[in-house]
Amino acid sequence: MTISVRNIAWSTGGKLILDDISFDVSSTRVLGLLGPNGSGKSSLLRLICRLRKPSSGIIRVDEVDVAGLSRRALAQRLALVEQQVATEAPVTVADVVRLGRLPHRGPLSAWTEADEAAVEGALRATDLIEYRARAWRTLSGGERQRAQLARALAQTPTELLLDEPTNHLDIRHQLELLALLRRLPVTSIVTMHDVNLAAMFCDDIVVLRAGRVAAAGKPVEVLTQGLIADVFEVGAEVHIAPGTDRPHIRFAHL
């Protein structure tokens, strides 16, 4: 495994947000983190990449406690793509993607062919080659989301955390992004609201409810009619998609 979360709890302002969270993510697998708004998904990602400190528990990457890694060492292998990134600076798409190379460079390092290759590969993978000279402020929400993913890919991580990466994307780019995650030789944790997309593309799923793990396992094991009713409070019919072992959820009208 490459990511191990054990008995993680986190509180803020006297309120318990996450409680006794445990799961593992095996190498190069895609884990979908699902749950209603406020269930703690985004907070958990920030704990894994050490933007926040857990109240208790331990998070390991390749058996190493992340608390013992320097920020640079952690950033050389783990990348985070957040939901919203705003800046008024006059930067281009290429400028943003180049930021992904910072963990691999010293303060006086010259730009190398390896740096350029990582940036070009990231732009190509996210279908942004023709956008490289575009000003950030002119981009749509979906284009900014793809540029942030390209920045993370330029970081050449072995672990990738994505917080609602399909927000603002049209259907085509949602499917392309998730298919790309499946192809990448990295371990990914991705928070999602769309349970059918999670069922299609994730190897494993963890469902959070009120800051605790409600269910964990393969999509066909987790995304049941009972769980959807219990956690998401909606009626649904669950069928196995033809020719696959993956569930497809049809929601009842409210």
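**Sheet and pockets of a predicted model**

Four strands form an open sheet in the order 2-1-4-5, with antiparallel pairing; two strands pair if DSSP finds at least two bridges between them. Strands (E, at least two residues) and helices (H or I, at least four) are DSSP runs, numbered from the N terminus. The model is predicted: local features need pLDDT of at least 70, side-chain atom pairs count only at pLDDT 80 or more, and totals for chains, interfaces and linings use all residues. Residues are numbered from 1 along each chain as its sequence is written, and side-chain values use heavy atoms, with hydrogens and water left out.

- Strand 2 (15–25) and strand 5 (64–65) are the edge strands, each pairing on one side only.
- Strand 1 (residues 3–12) runs antiparallel to strand 4 and is joined to strand 4 by five bridges.
- Ile-3 has Val-61 of strand 4 as its bridge partner.
- Helix 1 (residues 41–48) packs on the sheet, where it touches strand 1, strand 2 and strand 4; contact means heavy atoms within 4.5 Å.
- The direction of helix 1 makes about 65° with that of strand 2; axes are lines fitted to C-alpha atoms, for helices over the stretch in contact, and angles run from 0 to 180 degrees between N-to-C directions.

**Ile-17**

- Ile-17 belongs to strand 2.
- Leaving out residues up to four places away in sequence, Ile-17 touches Trp-10, Ser-11, Thr-12, Ser-39, Ser-43 and Gly-211.
- Ile-17 and Val-66 are 49 residues apart along the chain, and their C-alpha atoms are separated by 20 Å.

**Largest pocket**

- The largest pocket has a volume of about 310 Å³; a pocket is an open set of points on a 1 Å grid over the protein atoms alone, where a 1.4 Å probe fits, with protein on both sides within 12 Å along at least five of seven lines.
- A volume is the space filled by probe spheres set on the points, which are joined across faces, edges and corners.
- Its lining (residues with an atom within 4 Å of a point) comprises 14 residues, of which Cys-49, Leu-51, Ala-75, Leu-78 and Leu-80 lie nearest the centre.
- Helix 2 (71–75), strand 6 (78–81) and helix 5 (141–154) each give two or more residues to this lining.
- The lining has eight nonpolar, two polar and four charged residues; Ala, Val, Leu, Ile, Met, Phe, Trp, Tyr, Cys and Pro count as nonpolar, Asp, Glu, Lys and Arg as charged, and the others, Gly among them, as polar.

**Second largest pocket**

- The second largest pocket holds about 180 Å³ of space.
- Strand 4 (residues 56–61) gives the largest share of its lining, three residues.
- Six nonpolar, one polar and five charged residues make up this lining, including Arg-50, Asp-65 and Val-66.
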